[in-house]
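Some notes on this model follow, as numbered points. Please read them with the sequence and coordinates open.

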Amino acid sequence: MKILFKDARILTMCDDQDIFKGDLVVEDERIIYIDKKPYSESCQKVIDCHGNLLMPGFKNAHAHSAMSFARSISDDLPLQSWLNDCIFPMEAKIEPQDQYILSKVSIAEYLTSGITACFDMYYNPLEMMKACLDIGYKAVLLGTVTKYRESVQEMVDAYHTINSKNNPLVSYCLGFHAEYTALEEILKELSKAAHQLHCPIYTHSSETLNEVEGCKQRHGGLTPTEYMEKLGLFDYGGGIFHGVELSDNDLKIIKNRNLSIVTCPGSNSKLASGIAKIDKYHKLGINLAIGTDGAGSNNGLDFFYEMRLACVLQKLLNNDPSAGQALTILKAATVGGAKAMNLKDCDVLAVGKYADIIMIDLTRPNMQPINNIAKNIVYSGGKDDVKMTMVNGKILYMDGKFYLDEPIEKIYEKAQQITDRLKQFK
């Protein structure tokens, strides 16, 4: 099917390309035309954008989609109490099939926020894969081995099972929850697997000062990043989630290994973990991406909230209103996230790229008058401004309506039943 988006403002996110007015055409899964000149050939569907903005979808580079069950049930606790006293006991009662429904709730929320892909770190990845394929959503699934659950061999099996399908919607990477929830023999086995598969590794790391100090005590003064480097975990690249407490040597390793840092300002603020020094990381040339984390630690999965927090927290941290540049953060939310997730074909709007596109409603009062649209998205944009979310050429959300494989009300009903059952074990 060929879809023409006419009379649009277009933000491609390609380097040094300003917003321009023009037409964009999608055929099946990919963009086949993007230009200031009107498209002259016939199309099966024409969408008049009326001057609204088309841009690449946001990439949620750190998510736990199935954790929608934990929304507003585990609030106001420090990280370790939040994990050990609430989240882990409830997670122990989740059945694999529960994750299918719980993940769908988060996917629906991603769509309303203009998020066209997520980097999903959770157990039983085949359930999230099924949810994505049924809906038509895009995700990179990530292993999350710990000393309590999952194994390296299970991750290797999932790697082969999922990636052998060569489906543009779903792929799989190796990962582990964190240094403090893994045994050294597990990490050595994981490092060996990464070398055999030539696969990057991702993990939560340096989220709090206590985590870093605990690692130093366990491993002869090494920070989590130094410890992982010693074990060869990043020899094929990868990235870290949060990265709040990173030393200069940590940053040197991250830079040399071409790792990404995924900042989660909403979650880190709510758990009082700290503020990642992302201005410093950016100046060092480290790739930055943004994540929402899960609904248990961040409640709402709103990328506009994350972008605005990422900006203003840098200004406070550095006591400098010029810190936390909006365009830097917008790039992290799109191109940087795609790079962190190895989604090379949906980072920008260009001919040949997958049609992962969002439309921003510029007629909303918070978008008027128009001065600088790109900065406005970060500083005054909101979820209500998302008029359309398209993934791989398929419109999944438009004008407040979902186009999913089952009614959204049914998804909510099933998710509530699961959550009510899990709450009995809190």
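Which residue just after α2 takes a positive phi?

1. That residue is Gly 114, with a phi of about 75°. The model is a predicted one, and the points below should be read accordingly.

2. Helix α2 covers residues 96–112. Its 17 residues should span 24 Å at 1.5 Å a residue, and the end C-alpha atoms are 26 Å apart, which agrees. Of these 17 residues, 15 are buried, so α2 is largely enclosed by the rest of the structure.

3. The largest nonpolar core has 114 residues; those touching the most other members are Phe 58, Tyr 137, Leu 174, Met 307, Leu 330 and Ile 377. Helix α2 supplies the largest share of this core, eight residues.

4. Setting aside neighbours within four places in sequence, Leu 330 is in contact with Leu 11, Met 13, Met 55, Phe 58, Met 307, Ala 374, Ile 377 and Val 378. Another core, of 20 residues, lies apart from the largest one and includes Leu 24, Val 26, Ile 47 and Met 398.

5. Helix α5 (residues 184–197) has 14 residues and reaches 20 Å from its first C-alpha to its last, close to the 20 Å expected at 1.5 Å a residue. The buried residues in α5 are Ile 186, Leu 187, Leu 190, Ser 191, Ala 193, Ala 194 and Leu 197. Viewed down the axis of α5, they fall within an arc of 165°, so they line one face of the helix. The face turned away from this buried side carries the exposed residues Glu 185, Lys 192 and Gln 196.

6. Among the elements that cover the buried residues of α5 are α4 (152–163), β9 (170–176), β10 (201–205) and α7 (224–230). After α5 comes His 198, with a positive phi near 55°.

7. On charged pairs: side chains of opposite charge can pair when their charged atoms come close. The count here is 21 salt bridges. Arg 421 and Asp 98 form one of them, at 2.4 Å from N to O. This pair links distant parts of the chain, with Arg 421 in helix α15 (residues 408–423) and Asp 98 in helix α2, 323 residues apart. Asp 98 is buried at 6% relative accessible area, while Arg 421 is partly exposed at 30%.

8. Helix α2 also contributes Glu 109, whose side chain meets that of Lys 383 in a salt bridge (3.7 Å, N to O). Lys 383 is in the loop between α14 (373–379) and β15 (386–391), 274 residues from Glu 109. Glu 109 is buried, with a relative accessible area of 13%; Lys 383 is partly exposed at 23%.

9. Lys 331 forms a salt bridge with Asp 15, the closest N and O atoms being 3.9 Å apart. Lys 331 lies in helix α13 (residues 326–340) and Asp 15 in the loop between β1 (2–10) and β2 (20–27), so the pair ties together parts 316 residues apart in sequence. Lys 331 is partly exposed at 41%, and Asp 15 is exposed at 62%. Separately, a network of salt bridges links Lys 104, Asp 405, Glu 406 and Lys 414.

10. The count of disulfides is zero. For Cys 118, the nearest cysteine sulfur is that of Cys 132, 5.8 Å away, beyond the 2.5 Å cut-off. For Cys 264, the nearest is that of Cys 118, 13 Å away. Cys 118 is buried, at 0% relative accessibility, and Cys 264 is buried with a relative accessible area of 0%.

Terms used. Residues numbered from 1 in each chain as written. Predicted model: local features only at pLDDT ≥ 70, side-chain atom pairs only at ≥ 80, totals over all residues. Heavy atoms only, no water. Buried < 20%, exposed > 50% of the residue type's maximum accessible area, 1.4 Å probe, protein only. Helix = DSSP H or I, 4+ residues; strand = E, 2+ residues; numbered from the N terminus. Expected span 1.5 Å × (residues − 1). Arc of directions from axis to C-beta. Contact = heavy atoms within 4.5 Å. Core = buried A, V, L, I, M, F, W, Y, C linked by side-chain atoms within 4.5 Å. Salt bridge = Lys/Arg side-chain N within 4 Å of Asp/Glu carboxyl O.
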